[in-house]
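Take a look at the chain below.

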Amino acid sequence: MRLDKYLKVSRLIKRRPVAKEVADKGRIKVNGILAKSSTKLKYNDTIEIRFGNKLLVVRVLEMKDSTKKEDASKMYEIISETRIDKDEEA
């Protein structure tokens with residue numbers, strides 16, 4: 001499944017165009033490598049997403065084309081969620 005679609009379906013990012021934009025700006029890594037929105041995800045991949053001053057790291061557990069809101073959180077496991085100081089970005 002494409003990265004942008006996974007982020008939307010899993011509700012990590014609410015809309016697919018936003019997921020595409022975030023990925024294409026270099027704010028997402030898959031298995032430690034910068035990812036584009038078209039990157040193909042596999043089971044057990046690790047995704048790092050930078051949201052402003054927050055870094056979210058999740059592991060892919062499931063891949064479904066559509067989910068109910070209650071099932072979306074079962075698609076991934078949160079590994080870490082940390083704040084990034086402005087000094088650390090440089």
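Buried means under 20% relative accessible area, exposed means over 50%, and partly exposed lies in between (1.4 Å probe, protein chains only). The model is predicted: local features need pLDDT of at least 70, side-chain atom pairs count only at pLDDT 80 or more, and totals for chains, interfaces and linings use all residues. Residues are numbered from 1 along each chain as its sequence is written, and side-chain values use heavy atoms, with hydrogens and water left out.

Start with the charges. A salt bridge is a side-chain nitrogen of Lys or Arg within 4 Å of a carboxyl oxygen of Asp or Glu. The whole structure holds 7 of them. R2, D4 and R16 form a network of salt bridges. D4 is buried, at 3% relative accessible area. Its contact with R2 is 3.1 Å, N to O. R2 is partly exposed, at 28%. D4 also meets R16, with the closest N and O atoms 3.3 Å apart. D4 lies in helix α1 and R16 in helix α2, so this pair ties together parts 12 residues apart in sequence. R16 is partly exposed, with a relative accessible area of 30%.

Helices (H or I, at least four residues) and strands (E, at least two) are DSSP runs, numbered from the N terminus. Two strands pair if DSSP finds at least two bridges between them.

Now the sheet. Which order do the 5 strands of the open sheet take? The order is β2-β1-β3-β4-β5, with antiparallel pairing. The edge strands are β2 (33-34) and β5 (76-83), and each pairs on one side only. Strands β1 (residues 28-30) and β3 (residues 46-51) are joined by 3 bridges. One partner pair is I28 and I49.

E81 and K54 meet at 3.0 Å, N to O. E81 sits in β5 and K54 in β4, 27 residues apart. E81 is partly exposed at 46%, and K54 is partly exposed at 30%. V58 is buried, at 0% relative accessibility.

Finally, the core. A nonpolar core is a set of buried Ala, Val, Leu, Ile, Met, Phe, Trp, Tyr and Cys residues joined through side-chain atoms within 4.5 Å. The largest one has 20 residues, and L3, Y6, L7, L12, I28, L41 and I47 touch the most other members. Helix α1 gives the largest share, 4 residues.
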